[in-house]
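Here are my notes on the model, point by point. Please read them with the structure open.

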Amino acid sequence: MNETEKEPEPYGFATLAVHAGARPDPTTGARSTPIFQTNAYVFQDADHAAELFNLQTFGFIYSRLTNPTVSVLEERVCALENGRGAVACATGHAAQFLIAATLLDVGDEFIASNNLYGGSITQFGVSFKKLGWNCNFVDMTDPDKLRAAMNDKIKFIFCEILANPGGVVLDLAALAEIAKEWGVPLVVDNTLATPYLCRPFDWGADIVVHSATKYIGGHGNTMAGVVAESGRFDWYQSDKFPSMTQPDPAYHGLTFAETFGDFGFSMKMRAVALRDFGPTLSAQAAWNVLQGVETLPLRMERHCANAQAVAEFLSEHPKVAWVSYAGLPDSPYHELANKYLPKGAGAVFTFGVKGGFAAGETVVNTVDIFSHLANVGDTRSLIIHPASTTHRQLTPEQRDAAGAGEDVIRLSIGIETLEDIIADLDQALAQT
Ligand SMILES: *Cc1c(COP(=O)(O)O)cnc(C)c1O
């Protein structure tokens, strides 16, 4: 990455988290962003309507495509990621779908890290396959394995900078170099790190995707997804991306990379994939996420401080076999975490309880402050024993391969009082 090419940033991260994309409502003066609960927007006249439909002027037509409340969220996340354009949608999985639908044709390939959110592995490996989009999973903890797996049919590379289980941190700069060599975008799922801990565009990534359901919204009450683009990817360097560089029949012959330049990808994703497949974010949901994102830096600071202290406590606990957290010096990912996540190694991690399956069930049954459920990135501390829940139907061998062995417990550490979190785990472990 060339530091000198970057635009100077006018405001700090915490200021952007509160203000980016929002201004007082011009008609009422409302300071908090209103929830624009409307399906459609009145045109000024027939010419204005024509310009909007031709994408010659920016404005609102219909809320499947754009809505003023949703737009504020898009601008907010775009600013936090230091990107050029962004599109919000209904969920993180919808966001991943919109990326693939924009870049892939039937028969195309992409390559993904095998250290991914379980739902993404199923989405890519099973459901995308039915659409003729083929995903090859590789172990990107060794960038040479990615390099060896690359070929000319691959249209993008997908990874999570910080992945669970296992607290895996990838060498983003090395992966970005391989993407550059092959002329394909590097897409980074930044859900667990958030732009507060890591901004993938600073390390050469081209597209960032979020499940805003997690830390961006942050309160465990709203589903949302966001895709942002850096604006630096050159779609014209090869003939691999006809959907960006050729006239689009779905938009009366418009060529998105030519017409919209460094935000062509967001425009294409919105004007074609979001328009035609329709996983739109509602204004109410966008507003909920906007409430959450204002405190992202404060929450992440506390999430990480609590998680670091809990990981240290567990690593010395006699009933704990191992702790897998990149913030601990004995983690194989500690050095990478220091480089890419210097403000903290996130707040989702796994540990092994001595006593295996039965002890794992006892812990989730006896915690009090922790909620036993399948989610991460809530203000509340969350716990799950994958072997008795999400991975229950698998054989013990399959569970081990998926990092969900009998003894594995996953924690998502919340922002409660640290001493209470530790005391709760301590009393639960004492029951095993
Ligand atoms: C939850 C999650 C997703 C999927 O997001 P949804 O909002 O649940 O659709 C994708 N990636 C990661 C890392 C996640 O944690």
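1. In which strand does valine 227 lie? Valine 227 sits in strand E9, residues 225-229. Helices (H or I, at least four residues) and strands (E, at least two) are DSSP runs, numbered from the N terminus.

2. A word on the source. This is a predicted model, in which local features need pLDDT of at least 70, side-chain atom pairs count only at pLDDT 80 or more, and totals for chains, interfaces and linings use all residues. Residues are numbered from 1 along each chain as its sequence is written, and side-chain values use heavy atoms, with hydrogens and water left out.

3. Back to valine 227. Its relative accessible area is 1%, so valine 227 is buried. Buried means under 20% relative accessible area, exposed over 50%, and partly exposed in between (1.4 Å probe, protein chains only). Leaving out residues up to four places away in sequence, valine 227 touches Gly85, Ala86, Val87, Ala95, Ile99, Ile207, Val208, Val209, Phe265 and Met269. Contact means heavy atoms within 4.5 Å.

4. Now the whole chain. Its secondary structure comes to 17 helices and 14 strands. A compact globule of 432 residues would have a radius of gyration near 22 Å; the chain has 22 Å, which agrees. That radius is taken over C-alpha atoms, and the globule rule is 2.2 Å times the number of residues to the power 0.38. Of the 432 residues, 54% count as buried. Among contacts with a separation of 6 or more, 72% join residues 24 or more positions apart.

5. Look next at helix H13 (residues 296-315) and helix H17 (residues 418-430). Their axes come within 10 Å and cross at roughly 30 degrees. H13 contributes Asn306, Ala309, Val310, Phe313 and Leu314 to the contact. H17 contributes Leu418, Ile421, Ile422, Leu425, Asp426 and Leu429.

6. Two backbone angles deserve a look. Leucine 55 has a positive phi, near 60 degrees, in a residue other than glycine. Leucine 55 lies in the loop between helix H2 (46-53) and helix H3 (68-80), and is buried, at 19% relative accessible area. Histidine 252 also has a positive phi, near 25 degrees. Its loop runs between helix H9 (242-245) and helix H10 (256-260). Histidine 252 counts as exposed, at 58% relative accessibility.

Key:
Axes are lines fitted to C-alpha atoms, for helices over the stretch in contact, and angles run from 0 to 180 degrees between N-to-C directions.
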